[in-house]
Amino acid sequence: MKILKLPKTNFKLFMEGLQNYGEVHVPKKKSSQSFVFGPMENTSEIAMDYLRTINPPKKYFFKPKDTLFNFSSTKGFTEVIEDSDKKIVLFGLHPCDIHGLKILDIVFGTNYPDKYYFARRKNVIVIGLSCMPDDKCFCRSMATDATEDGFDLFLSELKSSYLLTVGSSIGDDISTDLKHLLTEVTKKDTNEYLKIRKERKNRFTLSLDTSDLPYILELQRESEVWEELGKKCLCCGSCSMVCPTCSCFNVYDIKNLITDSGQRVRQWDSCLFKDYAVVAGGHNFRVNRADRVRNRYYDKQNGFVSQYGKPSCTGCGRCIQYCPTKIHVVEVFNKVRGEA
Ligand code: SF4
Ligand code: SF4
């Protein structure tokens, strides 16, 4: 692992240098409380102090709505992978979102690798950025508050510089190209990093006790907590849409009846939606709201653990921030534990 130092006075030149590697996308302010990832028009718009974007980085690889192929009765079908050759430098991912991508890599890469996801994933350079938690972050409980891999470069902020960690060969190429902007790390920098790290650790106010959680969930399948939650949850699906690891989709055809052609499309879906579990013949396996909301919680902290050995929640806090009825994931699990 190579660690260098980027003085803040060189940051603008560094960001401009990244443009040689692709279209640079950065976190930008959308309103006083919300941020989005989008193309960088100029370096002054980068929201270096953002905490969470509305949509997570998954939107770059697993698009909200994606044409899979075009078809017609005369020409058969033609595969479409939009943006498969587009080089993007995705700047500013916090450790939890890098872990979110690592989880999606498992989901889309195991058993039946998803060529649409990976066609884009291979063209995106990931540059991480350190952060300070707020009252909705519980990434520390999910062991996603730091990361040693999953990025090409990672910037850890100090007072007047960034420590720049190189995490891949392309990251090494960039740091070599831009070496005139970088300097060596000093003992003073290391001490400053350790001080900030300690301060960050003390800033976490929210935590989730994950010990035994899959086991407790197994015992609590019939708990009244789920009925209560079903009365409060609108099943609007916002929590799934903003979640960095939710990956359900629906597939349907859009047909042009005049030309006898069309597109097969896939679109983000949510297990909270009423018709999500409808199968051929019309039976719905999760007709009640309580069943649907329980299903999402079990998928994150029970089913994924059984299948892949870890939860599929990164503790990013998006579902807490964007739930219209203020359902709080940590409070729900505390209730299930009988510790609310
Ligand atoms: S955002 Fe809140 S109300 Fe909407 S589906 Fe999720 S838990 Fe239910
Ligand atoms: S369940 Fe909530 S806190 Fe966990 S990763 Fe998804 S949006 Fe973030």
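User: In which strand is Ser 161 found?

Analyst: Helices (H or I, at least four residues) and strands (E, at least two) are DSSP runs, numbered from the N terminus. Ser 161 is found in strand β9, residues 161-166. Two remarks on the source come with this. Residues are numbered from 1 along each chain as its sequence is written, and chains are lettered from A and ligands numbered from 1 in the order in which they are written. The model is predicted, and local features need pLDDT of at least 70, side-chain atom pairs count only at pLDDT 80 or more, while totals for chains, interfaces and linings use all residues; side-chain values use heavy atoms, with hydrogens and water left out.

User: Is Ser 161 buried or exposed?

Analyst: Buried means under 20% relative accessible area, exposed over 50%, and partly exposed in between, with a 1.4 Å probe and protein chains only. Ser 161 has a relative accessible area of 5%, so it counts as buried.

User: Which residues is Ser 161 in contact with, leaving aside its neighbours within four places in sequence?

Analyst: Contact means heavy atoms within 4.5 Å. With those neighbours left aside, Ser 161 is in contact with Lys 5, Leu 6, Pro 7, Lys 8 and Ser 156.

User: What does the side chain of Glu 157 make a polar contact with?

Analyst: A polar contact is a pair of N or O atoms within 3.5 Å; within protein, one must be able to donate a hydrogen and the other to accept it, and residues adjacent in sequence count only if both atoms are side-chain atoms. The side chain of Glu 157 makes such a contact with the side chain of Lys 8, at 2.6 Å. Glu 157 lies in strand β8, residues 153-157. Its relative accessibility is 34%, so Glu 157 counts as partly exposed. Not counting residues up to four places away in sequence, Glu 157 touches Lys 8, Ser 130, Tyr 162 and Ile 196. Between Glu 157 and Ile 196, 39 residues apart along the chain, the C-alpha atoms are separated by 8.8 Å.

User: How many aromatic pairs does the structure hold?

Analyst: Rings of Phe, Tyr and Trp (its six-membered ring) pair if their centres lie within 6.5 Å; planes under 30 degrees apart count as stacked, over 60 as edge-to-face and the rest as tilted. The structure holds 16 aromatic pairs. One of them joins Phe 62 and Phe 108, a tilted pair at 5.1 Å centre to centre with 50° between the planes. This pair links distant parts of the chain: Phe 62 is in the loop between β3 (35-39) and β4 (65-72), and Phe 108 is in helix α2 (residues 95-109), 46 residues apart. Phe 62 and Phe 108 are both buried. Phe 62 also forms a tilted pair with Trp 268, at 5.9 Å centre to centre and 35° between the planes. Here Trp 268 is in strand β11 (residues 261-268), 206 residues apart from Phe 62.

User: Which residues form one aromatic cluster, and what sits over the ring of Phe 61?

Analyst: The cluster is formed by Phe 61, Phe 62, Phe 108, Tyr 117, Phe 118, Phe 249 and Trp 268. A charge sits over a ring if NZ of Lys or CZ of Arg is within 6 Å of the ring centre and within 35 degrees of the ring normal. The charged end of Arg 121 sits over the ring of Phe 61, 5.3 Å from its centre. Arg 266 lies over the face of Phe 249, at 4.7 Å from the ring centre.

User: Which residues are around ligand 1?

Analyst: A residue is near a molecule or strand if one of its heavy atoms lies within 4 Å of it. Around ligand 1 are Cys 233, Leu 234, Cys 235, Cys 236, Gly 237, Ser 238, Cys 239, Leu 272, Cys 323, Pro 324, Thr 325 and Ile 327.

User: How does the shell around ligand 1 divide into nonpolar, polar and charged residues?

Analyst: Ala, Val, Leu, Ile, Met, Phe, Trp, Tyr, Cys and Pro count as nonpolar, Asp, Glu, Lys and Arg as charged, and the others, Gly among them, as polar. The shell around ligand 1 has 9 nonpolar, 3 polar and no charged residues. For ligand 2, the shell has 6 nonpolar, 3 polar and 2 charged residues. The residues surrounding ligand 2 include Phe 138, Arg 296 and Arg 318.

User: Where does Asp 83 lie?

Analyst: Asp 83 lies in the loop between β5 (76-79) and β6 (88-93). Asp 83 is not a glycine, yet its phi is positive, about 65°.
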